[in-house]
Amino acid sequence: MCHAFLSESRFYQFLFRIDQEIADQARLKGCAHCGGRLHVADYPRKPRGIRCALDESYETRLSYCCATEGCRRRCTPPSVRFLGRKVFMGVIVILVMAREHGLSKKRRKLLIEQLDLYPQALSRWRQWWRKIFPVSRCWQTHKSRFIPPVDILQLPGALLGRLHGKNLEHRVCLLLRLLMPITTSSWSGSLTVVIDPQKM
Ligand SMILES: [Zn+2]
């Protein structure tokens with residue numbers, strides 16, 4: 001059952017550990033503007049997803065503020081859990097919209113019912129994948145890696161199918177990693193993020 005991970009706490013705990021590693025690395029680099037120390041200033045969040053599988057770590061988005069007087073800039077590291085300001089978690093926005101290479105038709109329909117998703121939400125996400133993501137700097141940086149080119153009308157499924165994961169769960173994590181730069185507007189820089197399927 002390749003989709004079972006979606007309702008398992010361990011999957012979300014795995015994503016949280018990655019977010020923590022990302023945040024630790026970002027904190028070590030300090031404030032991008034003045035080099036100052038960063039203080040914890042997490043945002044409260046109420047992400048929508050499979051609620052019963054989420055623990056209290058999902059009630060916050062890890063974030064920092066510069067400690068230097070006169071700077072105090074916000075620094076929100078990238079995330080593999082939260083897709084920017086969307087209320088639904090990244091994994092949901094991927095799996096609900098991936099027709100090919102994602103869930104089976106039946107599973108996808110069930111998930112949409114389970115999450116009580118309106119057609120308007122689906123059409124907004126479709127627009128995001130077709131119009132906003134393709135012109136993002138994130139995709140402009142990555143797209144040349146894929147030969148032949150990924151059909152943007154088939155996103156995110158077409159992209160999911162091109163990532164070398166050992167199963168759907170692993171491929172979703174690789175896609176969440178690829179999307180990281182798009183998840184924040186107050187941090188940029190390079191990070192080393194390893195998605196180790198052994199630790200899932
Ligand atoms: Zn600063």
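Which residue does the side chain of arginine 10 meet in a salt bridge at 2.8 Å, N to O? In this predicted model, the partner is glutamate 169. The legends below describe this contact and other close-up views.

**Figure 1. Salt bridge between glutamate 169 and arginine 10.** The two side chains meet with an N to O distance of 2.8 Å. This pair links distant parts of the chain, for glutamate 169 lies in helix α7 (residues 168-179) and arginine 10 in helix α1, 159 residues apart. Glutamate 169 has a relative accessibility of 9% and counts as buried, whereas arginine 10, at 32%, counts as partly exposed.

**Figure 2. Network of salt bridges formed by Glu8, Arg10 and Glu169.** The three residues are linked through salt bridges. In one of these contacts, the side chains of arginine 10 and glutamate 8 meet at 2.7 Å, N to O. Glutamate 8 is partly exposed, its relative accessible area being 29%. The other contact of arginine 10 shown here is with glutamate 169, at 2.8 Å.

**Figure 3. Salt bridge between arginine 81 and aspartate 19.** The closest N and O atoms of this pair are 2.7 Å apart. Distant parts of the chain are again linked: arginine 81 belongs to the loop between β5 and α2 (90-97), aspartate 19 belongs to helix α1, and 62 residues separate them. Arginine 81 counts as buried because its relative accessibility is 0%, under the 20% limit. Aspartate 19, with a relative accessibility of 4%, likewise counts as buried. Side chains of opposite charge can pair when their charged atoms come close. The structure holds 5 salt bridges, among them the bridge between arginine 81 and aspartate 19.

Figure 4. The SG atoms of Cys31, Cys34, Cys66 and Cys71 coordinate the zinc ion at 2.2 to 2.3 Å. The angles among the 4 donor atoms run from 98 to 113 degrees, and the site is tetrahedral. For four tetrahedral donors, the ideal angle at a metal is 109.5 degrees.

**Figure 5. Placement of the zinc donors along the chain.** The donor residues follow the spacing C-x2-C-x31-C-x4-C in sequence. Within this set, cysteine 34 and cysteine 71 link distant parts of the chain, 37 residues apart. Cysteine 34 is located in the loop between α1 (9-29) and β1 (38-40), and cysteine 71 in the loop between β4 (64-66) and β5 (74-75). With a relative accessible area of 40%, cysteine 34 is partly exposed.

Key. Residues are numbered from 1 along each chain as its sequence is written. This is a predicted model: local features need pLDDT of at least 70, side-chain atom pairs count only at pLDDT 80 or more; totals for chains, interfaces and linings use all residues. Side-chain values use heavy atoms; hydrogens and water are left out. Donors are N, O and S atoms within 2.8 Å of the metal (3.2 Å for Na, K and Ca); water is not among the atoms, so sites may look incomplete. Four donors count as tetrahedral if all angles lie between 85 and 135 degrees; four count as square planar and six as octahedral if opposite donors are over 155 degrees apart and all others between 65 and 115; anything else is irregular. Helices (H or I, at least four residues) and strands (E, at least two) are DSSP runs, numbered from the N terminus. Buried means under 20% relative accessible area, exposed over 50%, partly exposed in between (1.4 Å probe, protein chains only). A salt bridge is a side-chain nitrogen of Lys or Arg within 4 Å of a carboxyl oxygen of Asp or Glu.
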